[in-house]
Amino acid sequence: MIWQALLLQAGYNAALVSLGAALLGAAAGAAGAFLTLRRRALMSDAMAHATLPGIGLAFLAMVALGGDGRFLPGLMLGAALTAAAGLWAVQRLARQMHEDAATGAVLASFYGAGIVILTLIQGLGTGRPAGLETVLLGSTAGMLRADALVIGFGGLAVICALWSLRRPLAMVAFDPLHARMMGVNPRRMDATLMALVLAVVLVGLNVTGLILIVALLVTPAVSARMWSTTVTGTATLSAVIGAVCGYIGAAISASVPDLPTGPVIVLLAAGGFGLTLLIRGRRDG
Amino acid sequence: MALRVQGLTLRYNEVLALDGASAQFPIGSMTAIIGPNGAGKSTFLKSVLGLVAAAGTVAAFGGPVAQSMPRIAYVPQRAAVDWSFPVRVIDVVLMGCYRKTGLLGLIDAATSAHAMAALARVGMQDFARRQIGALSGGQQQRVFLARALAQGADLFLLDEPFAGVDAATEAAIIAVLKALRKDGATIIAVHHDLSSVAAYFDRVLLMNRRTVAEGPVATTFTRAALAQAYGPALMLDPTDLRSEGPTERPAA
């Protein structure tokens, strides 16, 4: 069954889901490469966790309006709104405390609020909330064709954007003062990168889930960095690692009942990192 | 005048980092900015470039600094750079070509040749494909100078270019800087080693949040001005300055 899924022989839908997850993995790997080079890795974790209250609230809003509470674009919109709010909160708090403390505080608060809302929803017993918890750890089993298309094209769009912005992004990460003198606006670049990471988080909600998306953003990137001496090389290799992890992870999860996708993908990425450490660990990156 | 600075003032929270610092840097001059720790030397450079928002007026080549930005190069302190960053020497220099290549522009043969020529001017052409962290401190400084050259700059602002490099490398960097000045460039460097000021520079800006003294090394780099800038602590300085006449220069 797993082999069939890996070889795209488990049916049209399963194949589509695997390819979508591969594109998501590539987008996450590439975005993560720039994110870690800019030292903003944990920011993505806060952002991802901050999507949860938005998902819950969007579900409630859609049910109240008489719709299907699990309509994915609606959930993504809600997730985007609270993720942006979380990001704003981190930046606001970082004026008064260190950024890592602000990140931790925002991550926990938003996630806690999200869990409370989700629990309330399950108590209401309306709008088919069953399955809503897959946004936590991801599940590609039984994913709809439309969802797979959203994931695939979303990932592709992020990859294209990163490719065209790779040079200013690299300049801001390496030497933001010089970048500014060369006419690149570091704040705008950071905001753009954050928006692209947010897109990855939203697209990845059903694949890795929001808890573990940070691993797909960071782990391939740190592995790739140990193999490459250029930014483009690091981002490309990171994208390839992410794509392979996404593809295999989605295929395995789709063919083993009740196995969430996120942990499988993350374990594959961690395996790749372990292998990298064994081979390259003694050299200077 | 390459650079004219007037009344630069900057307050970090309640601390006055710059207190009306003023200075002039003639075209083709080579100026050392010296002063005690916390005198605002690095902040002065960053304020001049508008990288931190200070009050005061700055004019470069007779106009607003923003207009002359392509002509100005800034070489950061070594400690401010992440040397493990995955970037090769040639990539760093190509960052200096960004105004020409633009956002989506491809790096064509002409641009590559331009970057290699800049590397050759600082004697680093054989290191183009090396990762930046694999170089020595002085070689890294030369790569940043090459980035500035590729940019087409003729006003160089350097923040402690000799910190953490050995004597031979220091000589190599100073040779590059002097060659640049010969071609008409203006050089301004934050400098810490008082004993080499006279050998390396022709002008000096002594500051301690505000300007203490500025002018040619021969008339400005005096015992009295140094004491005013550094305070009595300089008495403990191992560079052994003698305290006679006002034009007395420290042993080089």
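Helix H5 of chain A (residues 72–93) runs for 22 residues and spans 31 Å from first to last C-alpha, close to the 32 Å expected at 1.5 Å a residue (1.5 Å times one less than the number of residues). Helices (H or I, at least four residues) and strands (E, at least two) are DSSP runs numbered from the N terminus. The model is a predicted one, in which local features need pLDDT of at least 70 and side-chain atom pairs count only at pLDDT 80 or more, while totals for chains, interfaces and linings use all residues. Residues are numbered from 1 along each chain as its sequence is written, with chains lettered from A and ligands numbered from 1 in the order in which they are written.

Among the buried residues of H5(A) are A:Leu75, A:Met76, A:Thr82 and A:Val90 (buried: 20 or more other C-beta atoms within 10 Å of a residue's own, with C-beta atoms placed from the backbone). The buried residues of H5(A) pack against H3, H4 (51–64), H6 (99–124) and H10 (186–203) of chain A, contact requiring backbone-placed C-beta atoms within 7 Å.

H3(A) (residues 41–49) also packs on H11(A) (residues 213–225), at about 165 degrees and with axes 9 Å apart. Axes are lines fitted to C-alpha atoms over the stretch in contact, and angles run from 0 to 180 degrees between N-to-C directions. The two helices, H3(A) and H11(A), are therefore roughly antiparallel (over 145 degrees).

Turning to the chains, 20 residues from chain B and 21 residues from chain A form the contact. On the chain B side, strand E6 (72–75), helix H3 (89–95) and helix H4 (98–101) each supply at least two residues.

Note on methods
Parallel < 35°, antiparallel > 145°, perpendicular 65-115°, else oblique. Buried ≥ 20, exposed ≤ 12 C-beta atoms within 10 Å, placed from the backbone. Contact = placed C-beta atoms within 7 Å.
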